[in-house]
Amino acid sequence: MKALVYHGPGRKSFEEKPKPVITAPTDAIVKILKTTICGTDLHILKGDVPEVTDGRILGHEGVGVIEETGSSVSNFKKGDHVLISCITPCGKCEYCRMGMYSHCENGGWILGHLIDGTQAEYVRIPYADTSLYHIPAGANEEALVMLSDILPTGYECGVLNGRVQPGSKVAIVGSGPIGLAALLTAQFYSPSAIIMIDLDDNRLAVSKNFGATHTINSSKENTIERIMAITDNHGVDTAIEAVGVPATFELCTSIIGPGGCVANVGVHGKPAALHLESLWAKNITITTRLVDTVTTPLLLKTVVAEKLDPLKLITHRFRLADIMQAYETFGQAEKEKSLKVILSND
């Protein structure tokens with residue numbers, strides 16, 4: 001089969017790899033129908049995730065059809081159309097019983113990380129019964145790819161960890177796919193202001209169309225002054241970091257108001273300064289999280305009920321065979337005006 005393979009920082013290729021096989025009775029082999037590229041894949045290619053080794057097939061998102069199941073798989077059968085979760089929980093360990101699937105002692109975030117992932121014609125899914133979801137008949141499978149990772153990530157790591165409340169003021173630093181996913185799901189709670197901050201005017205315009213009340217291009221105006229003007233010098237109640245670089249985390253801690261919450265979502269590859277000299281007395285909370293995908297069933301219901309429209313996040317479509325071009329498009333977001341790309345395994 002063909003797959004996108006990582007060969008160390010800055011190096012990847014679309015090459016022939018062996019088709020995966022069942023190695024445990026809880027496995028399923030899934031033929032990929034639709035997959036995508038994540039910002040985390042770009043972090044991997046920068047060398048920010050050193051656990052990813054040479055030869056790894058990247059990707060942790062997608063929908064597909066069951067090709068084969070292990071003898072212990074009871075919830076799925078050959079021919080079922082399924083949503084693949086970016087998190088693989090065994091469902092039995094201490095962390096899984098706590099609902100912290102991302103820290104599963106036997107799984108967690110392993111696809112495209114510690115085991116081969118979804119940017120391929122086929123993928124092996126361990127613990128299939130707890131790592132896959134049935135796709136309802138008639139559901140748009142492209143839209144559901146957004147439920148593999150970015151929507152639960154934006155919702156759990158940003159909105160829920162950030163304690164967004166009705167009437168609160170929220171700033172989201174980063175208007176990429178994860179930031180926009182946080183923007184879409186923050187509206188479940190009717191905040192009085194959602195302020196999107198980015199360097200890309202196109203992405204800021206998109207965020208305005210998605211429901212942002214204010215936008216700030218931090219390369220063109222003083223972000224802290226503008227935030228204080230919007231919030232009557234109080235700062236925001238929730239600041240969501242959705243980029244993963246030191247400057248954006250430090251910005252979040254500069255605009256948070258007393259009693260507020262800084263919710264980190266971004267994947268960080270370098271240390272960031274924590275200015276306790278100015279934060280120690282502000283009663284703030286700083287949260288970190290790797291998505292657990294515990295909210296995927298809830299989000300799936302909202303998408304099927306047409307209360308949430310993930311298709312708005314898709315800007316480009318490619319064949320899986322053109323994945324190298326898709327990476328170029330996704331990696332040059334400002335030039336290409338790209339958000340999420342869909343790769344079809346036709």
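Helices (H or I, at least four residues) and strands (E, at least two) are DSSP runs, numbered from the N terminus. The tour concerns a predicted model, in which local features need pLDDT of at least 70 and side-chain atom pairs count only at pLDDT 80 or more, while totals for chains, interfaces and linings use all residues. Residues are numbered from 1 along each chain as its sequence is written, and side-chain values use heavy atoms, with hydrogens and water left out.

**Annotated spans**

Select residues 177–290 to begin. UniProt, in an unreviewed entry, places the feature "domain: Alcohol dehydrogenase-like C-terminal" here; UniProt positions are given in the numbering used here, feature names are shortened, and annotations may be inferred rather than shown by experiment.

Next, select residues 25–129, listed by UniProt (unreviewed entry) as "domain: Alcohol dehydrogenase-like N-terminal". The span 25–129 is 13% helix and 23% strand, and its end C-alpha atoms lie 11 Å apart.

**The aromatic cluster**

Display the rings of Tyr155, Phe188 and Tyr189, which form one aromatic cluster. The structure holds two aromatic pairs. Rings of Phe, Tyr and Trp (its six-membered ring) pair if their centres lie within 6.5 Å; planes under 30 degrees apart count as stacked, over 60 as edge-to-face and the rest as tilted.

Tyr155 and Phe188 make an edge-to-face pair, with 5.5 Å centre to centre and 75° between the planes. Because Tyr155 lies in helix α5 (residues 150–160) and Phe188 in the loop between α6 (177–186) and β9 (193–198), this pair ties together parts that are 33 residues apart in sequence. Tyr155 and Tyr189 form a stacked pair, 6.4 Å centre to centre with 20° between the planes. This second pair also links distant parts of the chain, with Tyr155 in helix α5 and Tyr189 in the loop between α6 and β9, 34 residues apart.

Buried means under 20% relative accessible area, exposed over 50%, and partly exposed in between (1.4 Å probe, protein chains only). Tyr155 has 4% relative accessibility and therefore counts as buried. Phe188 is partly exposed at 32%, and Tyr189 is partly exposed at 26%.

**Charges over rings**

Select Lys19 and Tyr122. A charge sits over a ring if NZ of Lys or CZ of Arg is within 6 Å of the ring centre and within 35 degrees of the ring normal. The charged end of Lys19 sits over the Tyr122 ring, 4.3 Å from its centre. Then move to Phe210, where the charged end of Lys312 sits over the ring at 4.7 Å from its centre.

**The second largest pocket**

Which residues line the second largest pocket? Select Gly138, Ala139, Asn140, Ala143, Leu144, Val303, Val304, Glu306, Leu308, Asp309, Pro310 and Leu311. On a 1 Å grid over the protein atoms alone, a pocket is an open set of points where a 1.4 Å probe fits, with protein on both sides within 12 Å along at least five of seven lines; lining residues have an atom within 4 Å of a point.

The second largest pocket contains about 190 Å³ of space, a volume being the space filled by probe spheres set on the points. Helices α4 (141–145) and α11 (296–304) each supply at least two residues of its lining. By type, the lining residues are eight nonpolar, two polar and two charged. Ala, Val, Leu, Ile, Met, Phe, Trp, Tyr, Cys and Pro count as nonpolar, Asp, Glu, Lys and Arg as charged, and the others, Gly among them, as polar.

**Backbone stops**

Most residues other than glycine have a negative phi. Select Asp232, which has a positive phi of about 55° although it is not a glycine. Asp232 is found in the loop between α8 (223–230) and β11 (236–241), and at 59% relative accessibility it counts as exposed.

Lys337 likewise has a positive phi of about 55° without being a glycine. Its place is in the loop between α13 (333–336) and β15 (340–344), and Lys337 is partly exposed at 49%.

Finish at Glu16 in strand β2 (residues 12–16), which is exposed at 51%.
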